[in-house]
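Trainee: I would like to learn how to read features in a protein model. Can we go through this one together?

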Amino acid sequence: MQTLIELAPLIAFFVAYKFAGIYVATAVLMGGMLLLLGWDWVSRRQIPKMHLVSAVLVWVFGAVTLILHDVRFIQWKATVFYWLVALALGGSIWIGKKTLLERLMTAALPEGHQISSGKWKRSSLVAALFYLALGGVNLWVAYNMTETEWVFFKTWLTIPVVFVFTGGLMFYILRDYQPKEPT
C-alpha cells in the first residue's frame with residue numbers, strides 16, 4: 001500500500017498527461033507531491049528525506065516549466081534527482097561508518113543481520129552507477145525523442161527498471177545472508 005501511495009503523484013501525472021497534456025500534468029504532479037508530504041506527516045508525523053528532496057525538485061523544476069512554458073525543465077528534474085541519489089549513494093562509501101544503502105535497508109532486514117561492510121560498499125557503488133546511468137539515459141531520451149516518447153519511457157520503462165534493479169540488488173545483498181550467532 002505504501003508503494004502505491006508513493007507512486008500516486010506519478011500515476012496522477014501520467015493520467016493527467018494522457019488527458020490534458022504536459023503542463024496540466026506538471027501542475028498535477030506538483031499538487032500530488034504536496035499531498036504525498038501531507039500524507040507522510042499525517043500517517044508518520046515525519047517526512048522522509050527522499051520525498052522532501054523529490055518534492056522540492058518537482059516544485060522548482062515544475063514551476064520553471066509552467067512559467068517558461070518549456071517542457072525541458074520537468075524532463076531534467078528526473079536526471080537531477082537520479083544524479084543526487086547517485087552522489088549520495090556513492091559519497092556514502094567514503095563518508096560515515098555505514099553506507100547510505102546500509103542505513104536505508106537495515107530497517108527492512110531481519111534483526112541480527114550480518115552483511116559485510118564490503119558488500120554494502122560494492123552494492124552502494126553499483127546503485128550509484130545505476131542512478132548515474134539512469135539520469136544520463138533520461139537526458140538522452142528527453143533530447144532525442146518526442147515528449148510523448150519521453151513520458152512513455154518514464155511510465156513504462158524507468159519505473160519497472162528501477163523496481164527490477166532494486167529487487168536484484170536486494171537479492172544480491174541477501175544472497176549470503178547469515179544471521180548473527182546468539183551470544
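Trainee: Is Arg44 buried, partly exposed or exposed? What is its relative accessibility?

Mentor: This is a predicted model, so every value here is computed from it. Buried means under 20% relative accessible area and exposed means over 50%, so values in between count as partly exposed. Arg44 has a relative accessibility of 33%, so it counts as partly exposed.

Trainee: Which residues form salt bridges with Arg44?

Mentor: A salt bridge needs a side-chain nitrogen of Lys or Arg within 4 Å of a carboxyl oxygen of Asp or Glu. Arg44 pairs with Glu6, and the closest N and O atoms are 3.9 Å apart. Arg44 lies in helix H2 (residues 22-44) and Glu6 in helix H1 (residues 2-20), so this bridge ties together parts that are 38 residues apart in sequence. Glu6 is partly exposed, with a relative accessible area of 33%.

Arg44 also pairs with Asp40, with the closest N and O atoms 3.8 Å apart.

Trainee: How many residues apart are Arg44 and Asp40?

Mentor: Start with the general idea. An α-helix has 3.6 residues a turn, so residues three or four places apart point the same way. Now the case here. Arg44 and Asp40 both lie in H2, four residues apart, about one turn of the helix. Asp40 is buried, with a relative accessible area of 0%.

Trainee: How many salt bridges are there by this rule?

Mentor: The count comes to three. Arg72 and Asp70 form a salt bridge too, with the closest N and O atoms 2.5 Å apart. Arg72 is partly exposed at 38%, and Asp70 is buried at 16%. Bridges that share partners join Glu6, Asp40 and Arg44 into one network.

Trainee: Now the interior. Where do nonpolar side chains tend to be?

Mentor: In soluble globular proteins, nonpolar side chains tend to be buried together. Now look at this model. The largest nonpolar core has 23 residues. Leu89, Leu101, Trp120, Tyr131 and Ile173 touch the most other members. H3, H4, helix H5 (100-106), helix H6 (117-144) and H7 each supply at least two residues of this core. H4 gives the most, with seven residues.

Trainee: Which residues is Trp120 in contact with?

Mentor: Leave aside its neighbours within four places in sequence. Trp120 then contacts residues including Leu101, Met105, Ile115 and Ile173. There is also a second, separate core of 22 residues. Tyr17, Met30, Ala55 and Phe153 are among its members.

Trainee: Last topic: aromatic rings. How many aromatic pairs does the structure hold?

Mentor: It holds seven. A pair of aromatic rings is described by the distance of the centres and the angle of the planes. Take Phe73 and Trp76: 4.9 Å centre to centre and 70° between the planes, which is edge-to-face. Phe73 and Trp76 are three residues apart in H4, about one helical turn. Phe73 is buried at 18%, whereas Trp76 is partly exposed at 25%.

Trainee: What about Tyr131 and Phe165? Which helices do they lie in?

Mentor: Their pair is edge-to-face as well, at 6.5 Å centre to centre and 85° between the planes. Tyr131 lies in H6 and Phe165 in H7, so the pair ties together parts that are 34 residues apart in sequence. Tyr131 counts as buried at 13%, and Phe165 counts as buried at 17%. Ring pairs also link Phe81, Tyr82, Phe130, Tyr131 and Phe165 into a cluster.

Definitions and conventions. Residues numbered from 1 in each chain as written. Predicted model: local features only at pLDDT ≥ 70, side-chain atom pairs only at ≥ 80, totals over all residues. Heavy atoms only, no water. Buried < 20%, exposed > 50% of the residue type's maximum accessible area, 1.4 Å probe, protein only. Core = buried A, V, L, I, M, F, W, Y, C linked by side-chain atoms within 4.5 Å. Contact = heavy atoms within 4.5 Å. Phe/Tyr/Trp six-rings, centres within 6.5 Å; stacked < 30°, edge-to-face > 60°.
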